[in-house]
Amino acid sequence: MLSNKTAENRKAPATRASNTPEQVTIKPQRMGFEFGEQVPQYWLDNSYFLSHMMNALSVLFPQGEQFFVDSVRAYRDQISDPKLKAEVRGFIGQEAMHSLEHVAMNQHVRDQGMPVEELEKHLEVVLGIAKKLPKRHQLAITCALEHMTAMMADMLLERSDVREDMDESMRPLWVWHAIEETEHKAVTYDVFQQVGGTYAERAFYQVFSTAALGVMASYFTGRMMLNDRKNFSLKDSARGLWRMWGRNGTFSSLIPTWLEYFKPGFHPWDHDNSELIARFKAEIQAHIAPQYQNGNRRTLQ
């Protein structure tokens with residue numbers, strides 16, 4: 001359901017480059033999450049399948065987010081609008097922080113005997129092929145994947161059942177990540193529009209990127225399950241698949257939002273969920289490590 005305040009926030013001259021609501025700020029924050037013995041092996045709903053799936057997504061993030069940063073940075077000098085330029089800086093900083101925190105999580109996954117380094121090498125090959133595409137096509141891929149991460153972020157913040165199934169040692173990472181994905185969900189799209197991105201590029205790479213993400217995430221999940229095959233459970237795996245793709249599943253429920261991307265006049269802030277940022281941000285501040293409470297160490301600028 002669309003919000004009236006989104007329309008109000010977006011009433012601006014046609015030359016306006018940024019369409020992010022004024023009340024949303026995009027600032028990077030290093031968190032300093034730690035993952036150790038306090039994290040159970042199956043930290044999501046005590047599920048073998050779902051936990052490996054989310055661990056697999058985490059492995060995708062550091063290199064994937066570096067790809068996002070590079071695709072936007074390629075056009076940074078072409079952005080003249082001061083607000084959008086500032087948002088691009090914030091986006092780059094936030095993605096850098098996401099990478100650092102997921103590197104820490106991925107080390108924890110590696111310590112559990114998962115083939116993280118091997119999977120990272122496979123991802124490097126795939127992204128190397130994507131980097132051979134024209135720069136604007138790379139940006140279109142980033143826009144598509146940012147739409148998908150924004151969909152998942154909105155779902156996580158909206159659905160208490162999903163959050164509550166996460167072990168408390170892992171929940172802050174994913175809630176923090178979801179908040180920041182929501183804050184910057186329109187930045188790459190606005191840049192794409194500013195540099196002449198076309199509807200055909202946007203639509204094609206939405207399909208392409210969805211397929212590629214599905215294949216890579218499934219492969220990574222399968223490899224982790226193979227490494228942990230002694231604990232394989234057909235019942236748990238079936239229950240996990242139903243949880244994702246069954247009625248009101250975490251992923252199946254996102255299909256209508258995924259389809260909205262194909263509307264010719266689509267914009268990520270057509271769905272104004274900025275109230276979710278305000279609702280969770282104060283709560284997540286309590287999880288900032290002491291050494292990062294008075295500022296950020298920014299990288300990838």
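**Reading the helix packing**

Tutor: α5 and α7 are oblique to each other. Keep in mind that this is a predicted model.

Student: What is the angle at which helix α5 and helix α7 pack, and how far apart are their axes?

Tutor: Start with the general idea. The angle between the axes and the distance between them describe a pair of packed helices. Here helix α5 spans residues 135-158 and helix α7 spans residues 171-183. Their angle is about 125°, and their axes are 8 Å apart. The crossing of α5 and α7 is left-handed.

Student: Which residues of α5 and α7 meet?

Tutor: From α5 come Glu146, Thr149, Ala153, Leu156 and Leu157. From α7 come Trp174, Val175, Ala178, Ile179, Glu181 and Thr182. By class, this contact of α5 with α7 has seven nonpolar, two polar and two charged residues.

Student: Now α4 and α9. At what angle do they pack?

Tutor: Helix α4 (residues 116-130) packs on helix α9 (residues 199-227) at about 165°. Their axes are 11 Å apart. Angles over 145 degrees count as roughly antiparallel, so α4 is roughly antiparallel to α9. The crossing of α4 and α9 is right-handed.

Student: Which residues make the contact of α4 and α9?

Tutor: α4 contributes Glu118, Leu119, His122, Leu123 and Val126. α9 contributes Met216, Tyr219, Phe220, Arg223 and Met224. The residues of this contact of α4 with α9 comprise seven nonpolar, one polar and two charged.

Student: Next, the core. Which residues of the largest nonpolar core touch the most other members?

Tutor: The general idea comes first. Nonpolar side chains tend to be buried together in soluble globular proteins. In this model the largest nonpolar core has 86 residues. Trp43, Met54, Met105, Trp174, Val191 and Phe220 touch the most other members. At least two residues of this core come from each of α2 (48-73), α3 (82-111), α4, α5, α7, α8 (187-194), α9 and α12 (274-285). α2 gives the largest share, 14 residues.

Student: Take Phe220. What is it in contact with, leaving aside neighbours within four places in sequence?

Tutor: Phe220 contacts Ala56, Val59, Leu60, Leu119 and Leu123, with those neighbours left aside. Leu119 and Leu123 of α4 also belong to the contact with α9.

Student: Is Gln206 buried or exposed?

Tutor: Gln206 lies in helix α9. Its relative accessible area is 0%, so Gln206 is buried. Not counting residues up to four places away in sequence, Gln206 touches Ala144, His147, Met148, Trp258, Tyr261 and Phe262.

Student: And what is the relative accessible area of Ala212?

Tutor: Ala212 is also found in helix α9. Its relative accessible area is 31%, so Ala212 is partly exposed. Ala212 and Tyr75 are 137 residues apart in sequence. In space they are 24 Å apart, C-alpha to C-alpha.

Student: Last, the backbone. What is phi of Asn46, and what is phi of Asn248?

Tutor: Again, the general idea first. A negative phi is found in most residues other than glycine. Asn46 has phi near 50°, a positive value in a residue other than glycine. Asn46 sits in the loop between α1 (4-9) and α2. With a relative accessible area of 62%, Asn46 is exposed. Asn248 has phi near 55°, which is positive too. The loop between α10 (234-245) and α11 (255-260) holds Asn248. Its relative accessibility is 54%, so Asn248 counts as exposed.

Note on methods: Residues are numbered from 1 along each chain as its sequence is written. This is a predicted model: local features need pLDDT of at least 70, side-chain atom pairs count only at pLDDT 80 or more; totals for chains, interfaces and linings use all residues. Side-chain values use heavy atoms; hydrogens and water are left out. Axes are lines fitted to C-alpha atoms, for helices over the stretch in contact, and angles run from 0 to 180 degrees between N-to-C directions. Helices (H or I, at least four residues) and strands (E, at least two) are DSSP runs, numbered from the N terminus. Angles under 35 degrees count as roughly parallel, over 145 as roughly antiparallel, 65 to 115 as roughly perpendicular and the rest as oblique. A crossing is left-handed if the near helix is turned anticlockwise from the far one by less than a right angle, and right-handed if clockwise. Contact means heavy atoms within 4.5 Å. Ala, Val, Leu, Ile, Met, Phe, Trp, Tyr, Cys and Pro count as nonpolar, Asp, Glu, Lys and Arg as charged, and the others, Gly among them, as polar. A nonpolar core is a set of buried Ala, Val, Leu, Ile, Met, Phe, Trp, Tyr and Cys residues joined through side-chain atoms within 4.5 Å. Buried means under 20% relative accessible area, exposed over 50%, partly exposed in between (1.4 Å probe, protein chains only).
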